[in-house]
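I opened a notebook page for this model. My entries follow in the order I looked things up.

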Amino acid sequence: MYRYDEFDARFVRERVAQFRAQVARRLDGSLTEDEFKPLRLKNGVYLQLHAYMLRIAVPYGTLSSRQLRQLALIGEKFDRGYGHFTTRTNMQFNWPRLRDVPEILDLLADVEMHCIQTSGNCIRNVTADHFAGIAANEVEDPRPTAELVRQWSSLHPEFDYLPRKFKIAVTGDARDRAVVKAHDIGLRILRSKDGEVGYEVMVGGGLGRTPMIAKTIRDFLPKKDLLAYLEAILRVYNLEGRRDNKYKARVKILVHEIGAEEFARQVEEEFAKLDGPSIAADAQEVARIAAYFAPPAYETLPARSLAFEAAKNENRAFATWASVNLFPHRVPGYAAATISLKAIGEAPGDITSDQMRAVADLAERYSFDEMRITHAQNVVLPYVKKDDLFAVWEGLVAAGLATANAGLITDIIACPGLDFCSLATARSIPIAQALAHRFGDEKRQLDIGELNIKISGCINACGHHHVGHIGILGLEKSGQESYQITLGGDATETAAIGERLGPGLAADDVPDAIERIVNVYLARRTSGETFIEAVRRLGLEPFKTAFQEKTHAAA
Amino acid sequence: MSAPKRPPLPAILLANDLLDGEVVFWTGSAWSPLPGDALVARDDEAAAQLEQAAQAGLAAQKVVDAYLVDVAVDAAGVATPRHYREKIKTEGPTTRRDLGKQAGLYNIAPAGN
């Protein structure tokens with residue numbers, strides 16, 4: 001994985017010193033809250049309901065054991081012994097004290113981490129496919145691109161005060177696991193007909209108040225042109241994006257208002273004017289970055305592991321976990337293992353300091369010292385020998401992390417919601433917990449199969465509800481929490497925004513409503529048909545009818 | 001920070017401590033971490049005093065995000081926010097009863113700090 005050079009290290013340390021001075025000036029009264037707020041936000045410090053919140057960047061979701069251990073230490077020393085992984089693959093601490101933040105930032109700098117640009121109207125943490133470097137059909141590992149974009153966008157002087165926040169995601173695979181079409185810019189690495197590697201460039205995706213699927217504005221962009229093209233996009237947005245209304249300030253609104261064709265025309269015009277070679281990163285620097293993402297020192301192994309097969313035969317729980325939580329690896333004899341942070345009844349994405357240490361130990365011993373954080377709020381051990389999987393699973397069982405539900409109905413994405421977030425209009429975590437209890441039976445989950453439920457506690461959609469197969473949005477209605485249910489959303493390369501099934505429900509009625517929807521699927525699916533495939537084939541009506549029966553019954 | 005609109009009465013004044021972020025309540029003379037210490041304003045004059053205290057707390061760099069919250073007062077005199085958001089803010093996360101005010105984490109600054 002990427003390691004800081006002397007410039008990176010100095011940059012991050014200087015930023016810590018700068019923020020320490022800003023905090024001191026806030027505390028001595030030299031800075032008012034209005035003056036301080038944008039400064040703290042640029043360093044990932046929010047004020048939430050009960051306390052400050054610190055959001056730590058995990059670039060493209062890649063972490064080393066040493067880094068996770070440091071997060072465990074910070075959680076223990078400065079928080080309440082746990083952290084929370086977000087849909088942007090960042091880690092949030094919910095209880096830090098402002099006076100401790102400079103010290104926390106120093107501890108992060110010790111392990112090449114920071115909180116820069118995890119908030120504010122700037123280019124945010126760049127995300128990527130969590131199976132980067134693993135998936136068999138991948139054209140190229142997306143992380144060198146993501147790292148290049150991260151370096152280019154860090155404190156970019158022209159793009160430090162954009163009309164609104166700006167999110168970029170990269171996938172190296174036609175199968176999209178990074179939700180690139182719900183990003184301000186989505187990049188897909190692909191190969192042209194003559195074998196050249198480049199990017200499909202998608203712009204104007206986003207969730208929130210006005211959900212939009214990104215539009216392709218360039219079918220193929222040569223790799224060398226990436227930064228100049230991004231600069232052209234950001235320049236058009238920076239000049240033309242609205243600043244008079246924060247709800248209309250994202251690039252998706254601009255793309256929607258002037259049309260993708262006109263937006264592309266303006267970008268191409270700007271791109272033609274730019275001096276591309278002067279913007280492109282030096283070839284040596286690109287090679288230096290790429291070298292950090294070279295494959296680890298894999299052993300030559302047979303594709304089939306006798307030890308793995310024997311362990312599955314002897315241990316049913318392990319066999320179930322292996323059938324659900326493993327992802328096929330391009331290298332024979334290896335697998336990628338998803339560690340679910342969705343134990344039944346726990347808050348999605350939460351992990352205790354003890355669990356962080358357990359995961360760090362397993363990654364160090366069995367996965368070349370590396371792990372990935374997923375946008376679905378889970379952790380992946382990317383390079384596990386099949387021979388070692390049983391030992392890994394035993395370690396996970398001991399840490400309470402062996403829940404076999406990756407991709408199933410209880411692998412729910414949920415934002416922190418009103419239990420923590422000051423922007424939320426309703427709670428998310430209790431809904432996730434109630435649904436996990438309702439559908440937690442292992443046999444039942446396996447029978448239902450792949451089904452993504454995504455829950456947001458407000459219209460800002462941090463819980464990605466629009467692209468959930470079943471989406472749940474918590475709102476306030478007449479002083480009560482009310483939950484809108486959507487159906488048919490899709491977060492992959494066939495991205496789609498879910499449609500509302502009917503009026504909002506009280507929290508207590510949500511599990512029954514979801515169960516009725518699931519029952520329609522179970523009754524009407526064809527052999528091997530997944531939930532989302534059945535929704536596409538059947539259309540909304542049968543589900544809507546079942547949903548509204550519930551609503552009427554409750555009324 | 002502009003002053004939020006005054007809510008219906010009775011009301012209390014809450015904020016977050018600047019240094020630590022902890023939710024604090026105006027007692028009439030100081031900021032307390034204990035919800036039970038909150039001064040309850042029952043008329044416009046008392047509410048105006050809470051608003052003044054909010055402005056003073058913000059100006060003195062003691063608190064942030066200070067605003068009035070309408071409450072229900074029970075027979076024993078205990079004030080509880082009427083809105084679920086402020087109730088959660090006053091008590092702590094409903095999913096973690098071991099955290100927040102409800103867990104007895106009342107110290108703004110533990111000994112030694």
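Is the crossing of H3(A) and H4(A) left-handed or right-handed? I found it right-handed. The term has a rule: a crossing is left-handed if the near helix is turned anticlockwise from the far one by less than a right angle, and right-handed if clockwise.

**Ground rules**

I am working on a predicted model, in which local features need pLDDT of at least 70, side-chain atom pairs count only at pLDDT 80 or more, and totals for chains, interfaces and linings use all residues. Residues are numbered from 1 along each chain as its sequence is written, while chains are lettered from A and ligands numbered from 1 in the order in which they are written.

**Confidence**

I noted ipTM 0.93 and pTM 0.95 for the model. Chain B has a mean pLDDT of 89 (pLDDT is the predictor's confidence in each residue, from 0 to 100). In chain B, 88% of the residues reach 70 or more. I flagged residues 105-113 of chain B, where pLDDT stays under 50. For that stretch the model has 10 contacts beyond four places in sequence (a contact means C-beta atoms, placed from the backbone, within 7 Å).

**Domains of chain A**

I listed domain 1 (6-110), domain 2 (134-291), domain 3 (306-398) and domain 4 (413-554) for chain A. These bounds come from an automatic or database domain assignment. The centres of domain 1 and domain 2 of chain A, taken over C-alpha atoms, are 27 Å apart.

**Helix pairs**

Two packed helices are described by the angle between their axes and the distance between the axes. Helices (H or I, at least four residues) and strands (E, at least two) are DSSP runs, numbered from the N terminus. Axes are lines fitted to C-alpha atoms, for helices over the stretch in contact, and angles run from 0 to 180 degrees between N-to-C directions.

I went back to H3(A) (residues 65-78) and H4(A) (residues 101-110): their axes come within 10 Å and cross at roughly 165°. H3(A) is therefore roughly antiparallel to H4(A). The cut-offs are under 35 degrees for roughly parallel, over 145 for roughly antiparallel, 65 to 115 for roughly perpendicular, and oblique for the rest. H3(A) brings Gln70(A), Ile74(A) and Phe78(A) to the contact, and H4(A) brings Ile104(A), Leu107(A), Leu108(A) and Asp110(A). By class I get 5 nonpolar, 1 polar and 1 charged. Here Ala, Val, Leu, Ile, Met, Phe, Trp, Tyr, Cys and Pro count as nonpolar, Asp, Glu, Lys and Arg as charged, and the others, Gly among them, as polar.

Next I took H1(A) (residues 6-27), which packs with H4(A) at about 175°, axes 9 Å apart. H1(A) is thus roughly antiparallel to H4(A). Contact residues include Val12(A), Val16(A) and Phe19(A) of H1(A), and Val101(A) and Leu105(A) of H4(A). This contact has 8 nonpolar, no polar and 3 charged residues.

I then checked H13(A) (residues 353-366) against H14(A) (residues 389-398): the axes come within 10 Å and cross at roughly 170°. That makes this pair roughly antiparallel as well. Ala358(A), Leu362(A) and Tyr366(A) of H13(A) meet Ala391(A), Val392(A) and Gly395(A) of H14(A).

**Interface**

I counted 23 residues of chain A in contact with 23 residues of chain B. On the chain A side, helix H2 (33-41) and helix H15 (429-439) each give two or more residues. H15(A) gives the most, with 3 residues. The chain A side has 11 nonpolar, 4 polar and 8 charged residues.

Most residues other than glycine have a negative phi, and most peptide bonds are trans. Thr89(A), not a glycine, has a positive phi of about 60°. Thr89(A) sits in the loop between strand E4 (82-85) and strand E5 (91-93) of chain A. The peptide bond from Leu9(B) to Pro10(B) is cis, with omega near 0°. I placed Pro10(B) in the segment before strand E1 (11-17) of chain B.

Technical notes:
Contact = placed C-beta atoms within 7 Å.
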